[in-house]
Amino acid sequence: MRNRESCHNKITYIIVSLLCVLHTPLTLQAKEASLPPHLIQTVSDQDIYEGLAALGLLKCETLTQQDPSQAYEMVKDCVVRVNMGNAYGSGLLWQFTSDAVIIATNAHVLAYWDDAAGFIHFPKGYFVSARVLGVSETYDVGFLMVDRETFDYETLAALRHVSADEMAYEKLTPGDVMFSVGAGIALGAPEYYEGTVEDTWQYIEDFENHMLYGHGYARSGMSGGGVFDGYGHLIGMITGGTQRNEIAAVPLPSLMEAWEEVMEKEGLCETGR
């Protein structure tokens, strides 16, 4: 089998680099006395954003039937470009906390990152500064944070982070469709390639870890980008590829472990500091 042969042969991987207001009708009895003052309830952009976040409505939607090309249109704005001077990688809008937008990428991408010079390019055209939040000691995963004050609340409410569902990951079987999305050579033009899952938990010596292994395509600059199933669920982070159209990605369970590790190390909680 092709998968097995890949295990036994040395693979030279290329690091590729809400708010709802309920109105209850009131029955008023006519009186001669004057009516109480008319009250106007206002909702600010901050209220809307915080309501969306509290209700979990800032997560990217997914499909009920597989359609990778349609799913790509839904998730493409969740993938950002991580710029490091003359080099670049990719990143994922991982989560929104009370005070930051969290971006996940490969630790090997962050090895070239400089808080003073690096910046993030969002698909909608934003160029923003960021700083390293933390790096996993176990997986090739690290996290950047963009201060919430960088964006106005209207902009924040329009952003979506990836849908990370471990149950969807556990349902993957060999032969399932998947697709990878990473930053492209041209600014604002992400790259999209379809492929198939071979193994959801294959040990690859080059990475000294279990990886999501499949057939597809990944090139330099796509490191830190996303691998998604046909419904649009995130299933891994692009980490390497070969000239034989094999790709390796940090599996979703490992990404979630890396996030928990960094949160604990940095004294964070799910809703922020």
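## A contact to start with

A polar contact is a pair of N or O atoms within 3.5 Å, where one must be able to donate a hydrogen and the other to accept it. Keep that in mind for D152: a polar atom of its side chain sits 2.7 Å from the backbone nitrogen of T155. Remember too that this is a predicted model.

## Around D152

So where does D152 sit? Look in the loop that runs between β8 (142-147) and α5 (153-158). D152 has a relative accessible area of 45%, so it counts as partly exposed, the range between 20% and 50%.

Now look at Y49. Along the chain, Y49 and D152 are 103 residues apart, yet their C-alpha atoms are separated by 9.9 Å.

## Around N83

Next stop is strand β2, residues 79-84, which holds N83. Is N83 buried or exposed? Its relative accessibility is 6%, and because the cut-off for buried is under 20%, N83 counts as buried.

The side chain of N83 makes a polar contact of 3.0 Å with the side chain of R81. Leaving aside residues up to four places away in sequence, N83 also touches Y88, W113, G118, F119, I120 and H121.

## The largest cavity

R81 turns up again here: along with V79, A183, G188 and P190, it is one of the lining residues nearest the centre of the largest cavity. That cavity holds about 110 Å³ of space.

What kinds of residues line the largest cavity? Of the 14 lining residues, 9 are nonpolar, 4 polar and 1 charged. Strand β2 gives the most to this lining, with 3 residues.

Key
Residues are numbered from 1 along each chain as its sequence is written. This is a predicted model: local features need pLDDT of at least 70, side-chain atom pairs count only at pLDDT 80 or more; totals for chains, interfaces and linings use all residues. Side-chain values use heavy atoms; hydrogens and water are left out. Helices (H or I, at least four residues) and strands (E, at least two) are DSSP runs, numbered from the N terminus. Buried means under 20% relative accessible area, exposed over 50%, partly exposed in between (1.4 Å probe, protein chains only). Contact means heavy atoms within 4.5 Å. On a 1 Å grid over the protein atoms alone, a cavity is a set of points where a 1.4 Å probe fits but cannot get out, and a pocket is an open set with protein on both sides within 12 Å along at least five of seven lines; lining residues have an atom within 4 Å of a point. Grid points are joined across faces, edges and corners, and a volume is the space filled by probe spheres set on the points. Ala, Val, Leu, Ile, Met, Phe, Trp, Tyr, Cys and Pro count as nonpolar, Asp, Glu, Lys and Arg as charged, and the others, Gly among them, as polar.
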